[in-house]
Amino acid sequence: MFLLTMAVALGGCGSRAAAAERPAVSADAETEKNDVGTAKGEDGSETAKEDTAGEQAGMMPEGKETEDKEGETEDAGTGRKSPDGQDAGDAAGRDTEEEKREPQLADHEITVFGTEEVMYASVTVNVRKGPTTDFERIGGLKRGQEATVTGQADTGWYEIAYGEGKAYVSNKYLQKEKPEEEAVPAAEAKNAAGVIMVGDSRCVQMQQSVGENGCTWIAESSKGYKWLNETAVAKIDACVGNGSKILINLGVNDPGHLKDYLELVNAKAAEWVEKGATVYYASVNPVWDNPYVTEEQVQYFNSQMQAGLSEDVHWIDSHSYLSDVGYKLVDGLHFNKETYQNLYAYYMSCL
């Protein structure tokens, strides 16, 4: 095994072809580690462990559910049935292009309500031609905006009156009560114009590796879509403002939530951009020789995220950057200190 020389590129933040060569991976016993590292549980979630005598701390993360909010069982960490009735897909990328076709509204059953109902958008949300994320986006509703609901599709999505016709909005983002105005806590407003870094354990370890810096870090080990939706979004909302730069790097813990990430990030990005922020999504970075997530899953997730993100979100292809310049993994999932420092510098060059 050997360590490739690390270099920081100051440009080329867009997509590039990943290097075909396998990067150097460290298996050295003397590899640098933080006092508190992370490992993965059998279900694919990262679990905190102490670097003492090789014993795990035994803390099971909450980021991996065995059952979602709608009572539908998750599929062994590779995909799940989402609340809107869609299959989140095979994260390993086994669905071929030949099997895909343009979505048709006729494929779905729409139940028309006898009486129209007024509902409100809980967040800024996309409006589409049909009742899944596979349909074209034709507009959006702002947080708190009123919508006239005329029916409901077999996916759970609501049919609404939109312009001179009908359109569809995910039922996850419409509610009967108008949401209250959001207030930004004065204590956090001072960070409004800075860089907001959002991620999982890889982000936590990056923060530790780069030392003191001007970023606002919203990161926790073992986390993924559920944490982003229920915890991180509120923290971002509290400090985002004109000039903020939001960088999100999530997905390695739960690539099966691909469509959920797309729906949430696209909806929130429209809202943050309206407040004067710039939003970035960094690709899931390389993995190797670990039993929890494969490089095939990572590359499929990245390709679908890049294709599905809205124009409000800037894609950073850090996976290709690391593949080009080299990197060092200490456990097949987490990087050494030098790699984190190089990656941080690359992110800053892209913002």
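This report covers the chain as a whole, its salt bridges and the packing of some of its helices.

## Model and conventions

The model is predicted: local features need pLDDT of at least 70, side-chain atom pairs count only at pLDDT 80 or more, and totals for chains, interfaces and linings use all residues. Residues are numbered from 1 along each chain as its sequence is written, and side-chain values use heavy atoms, with hydrogens and water left out.

## Overall content

The chain has 7 helices and 16 strands. Helices (H or I, at least four residues) and strands (E, at least two) are DSSP runs numbered from the N terminus. Of the 351 residues, 50% are buried. Buried means under 20% relative accessible area, exposed over 50%, and partly exposed in between (1.4 Å probe, protein chains only).

Among contacts with a separation of 6 or more, 69% are between residues 24 or more positions apart. A contact means heavy atoms within 4.5 Å.

## Salt bridges

There are 9 salt bridges in the structure, each defined as a side-chain nitrogen of Lys or Arg within 4 Å of a carboxyl oxygen of Asp or Glu. One of them joins Glu-117 and Lys-176, at 3.9 Å from N to O. Glu-117 is in strand S5 (residues 110-121), while Lys-176 is in the loop between strand S11 (174-175) and helix H1 (186-189), so the pair links distant parts of the chain, 59 residues apart. Glu-117 is partly exposed at 27% relative accessibility, and Lys-176 is exposed at 58%.

A salt bridge also forms between Glu-220 and Lys-235, with 4.0 Å between the closest N and O atoms. Because Glu-220 lies in the loop between strand S13 (216-219) and helix H3 (225-239) and Lys-235 lies in H3, the pair ties together parts 15 residues apart in sequence. Glu-220 is partly exposed at 30% relative accessible area, as is Lys-235 at 38%.

Asp-237 pairs with Lys-268 in a salt bridge whose closest N and O atoms are 3.1 Å apart. Asp-237 is in helix H3 and Lys-268 is in helix H4 (residues 258-274), so this pair ties together parts 31 residues apart in sequence. Asp-237 and Lys-268 are buried. Through shared partners, salt bridges join Asp-237, Lys-268 and Glu-271 into one network.

Helix H5 (residues 295-308) has 14 residues and should span 20 Å at 1.5 Å a residue, which agrees with the 20 Å between its end C-alpha atoms. The expected span is 1.5 Å times one less than the number of residues. Buried residues in H5 include Val-298, Tyr-300, Phe-301 and Met-305. Their cover includes H4, strand S15 (278-282), strand S16 (313-316) and helix H6 (318-325).

The axes of H4 and H5 come within 10 Å and cross at roughly 30°. H4 is therefore roughly parallel to H5. Axes are lines fitted to C-alpha atoms, for helices over the stretch in contact, with angles from 0 to 180 degrees between N-to-C directions. Angles under 35 degrees count as roughly parallel, over 145 as roughly antiparallel, 65 to 115 as roughly perpendicular, and the rest as oblique. The crossing of H4 and H5 is right-handed, meaning that the near helix is turned clockwise from the far one by less than a right angle. Leu-258, Tyr-261, Leu-262 and Asn-266 of H4 meet H5 residues including Tyr-300, Phe-301 and Met-305.

## Helices H6 and H7

H6 and helix H7 (residues 337-350) have axes that come within 11 Å and cross at roughly 130°, so the two helices are oblique to each other. Their crossing is right-handed. Ser-318, Tyr-321 and Leu-322 in H6 meet Thr-339, Asn-342, Leu-343, Tyr-346 and Tyr-347 in H7.
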